[in-house]
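Have the structure open as you read.

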Amino acid sequence: MSNLSTRTLRVTVPHAIRSKITGGGQNARHEKIKAILGELFRHERIEGYIRTHDETRQYAERLIELAKKYGDQHVGTMQLMDYWVNDKDLIHKVFKVYVPRYTNTIGPYTNSYRLPIKYGEFKFPHIPRQNIVLEMKDNPYPRIIPDPRNYSNILTNVLLNEARKEYRTERNNRNEKKDK
Amino acid sequence: MLKIRPCSNIIHHYQLRSSSVSINRLTNDEISAHRLRVYAKERQTQMERIRRVEKIEVDVHDPIQSKKLLMNKNLSTPYNCAQHLSSVLVDRSCLALIDDKYIWDINRPLERDCTLKFLHFMEDKCQEQNRAYWRTCSFIIGYILQTAFKSNNYLELCSFPPPQFQFGSFVYDAKLNLGDWQPNRDDLRCLSIQAYKLRDLNLRFESLNISKRVAEEMFSYDRYKLAQIPHMLRLISPDDNQPRLTVYKMGDCHVDITRGPLISSTKQIGRFEFSAIHQIDVPSYGEQMQRVQALSIPNQLHLHYWTFDYLLERAKKLNRSSIPSLPKINSPLSKIEQVQ
């Protein structure tokens, strides 16, 4: 298990103090993360407190990265899966649904969006409770932010494209002259 | 600090030189007024032809508001439709799309039952809008050239080629009759200020289809325009089966021949900077002319000043789009058949 290695995570790592995310020590922290991880893998889009969910996001990323790299025959990967995923049917989902879905994806496999803070709903008036939406990429739900529009045809972009083309051809011509 | 001379300085500078040239000729203002007079008369006669107000049903499809409107035939324009719906549509629409096929001017009256869409500069497909915008800007250069200089400095407008974005600027070819004048940076800036003044005036562009006889009367003092008229006759009107051409009027200031379409009003101009004036040889007229180049972007689009200055540097090179020429044809009718 010690020789498991993946690339660096492609998500921002939160700088909150990890032990203070939940009360009750390391065990309680792991149980909390396992619960959220199970929810995320099952429902593919969940909503919750930013501290816990951002923390869980890294675990989800790392598990899928490992599953992609080593496959379901690898002992260390399966031990990790067994530890972090409570509902065992979700391990099947990871290998049968998520790994084929993300074979061509390089980047992060999850998205997170901050939700607006509803004033008056949090307990401590001076610490607003920031919630986020955490989702697996390419899920079947409608997009949270609607499709981005294509701005490549607007006048300013057309002009800048032409300027860029001209600059590149000039640079290539200059390089060719230098080579001669 | 950059010192910008007042705009009248350009005019003052060439007062002495130009006065000796054009003693017998009409001034630019008088010629312009003549064109406007003919335009107003022709428009009056065309409006009198509408005897009865008939109703048409216009089906507007727009993300802001979709509605069925009952409008007047040959009187109501897409602009009037937008006024019924939303002020956003009134301000930003530059063209209209009729029956998902035909591009229509915002200020041209509708002729039949149709579906209507409003187009603006930030759509996915905005090639038509971009072309219409630069065409309008070329049109505006014609007006600025006529008014920025002293009125008795006789100036002959020729034409402008269709907008081509790979050259980075739009142009107007004209004979300025200013000798070997090379504009410096301040002179170009003074010309640009005229365009910014137009933006505040919010002048609307109107189109009119006129017959050859009226066109020749309208442009009787412009020899280049007179030579072009037979080549511009394209439309055949259902009323009298005669070929017609389209002229556009900006507010109550300027009339010019162009095939259109143009944008809604001068309020949609964002930045407008003159970049250079080059000498060009025009073989078909056998003369030297000046190619006035400028760069502009619409009000709706924003650009950082550094980026705009970079594009403006590029727009200073000589624009290589087509030089005004007169295609040799036997009769105007053969040309029309080709087009159709």
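Let's start where chain A meets chain B: three salt bridges turn up across that interface, a salt bridge being a side-chain nitrogen of Lys or Arg within 4 Å of a carboxyl oxygen of Asp or Glu. This is a predicted model, in which local features need pLDDT of at least 70 and side-chain atom pairs count only at pLDDT 80 or more, while totals for chains, interfaces and linings use all residues. Residues are numbered from 1 along each chain as its sequence is written, chains are lettered from A in the order in which they are written, and side-chain values use heavy atoms, with hydrogens and water left out.

**Charges at the interface**
- One salt bridge joins the side chains of B:K317 and A:E170, at 3.7 Å from N to O.

**Contact and area**
- On chain A, 15 residues are in contact with 25 residues of chain B (contact means heavy atoms within 4.5 Å).
- The two chains bury about 1600 Å² between them, 63% of it on carbon and sulfur atoms; that is accessible area (1.4 Å probe) lost on being put together, summed over both.
- A:N153, A:L155 and A:L159 supply 36% of what chain A buries against chain B, more than any other three residues.

**A hairpin in chain B**
- Strand 3 (residues 95–98) and strand 4 (residues 102–105) of chain B pair in the antiparallel sense over four bridges; strands are DSSP runs of E, at least two residues, numbered from the N terminus, and pairing takes at least two DSSP bridges.
- B:L95 sits opposite B:D105 of strand 4.
- Three residues lie between these strands, and B:D99 takes a positive phi near 55 degrees in this hairpin.
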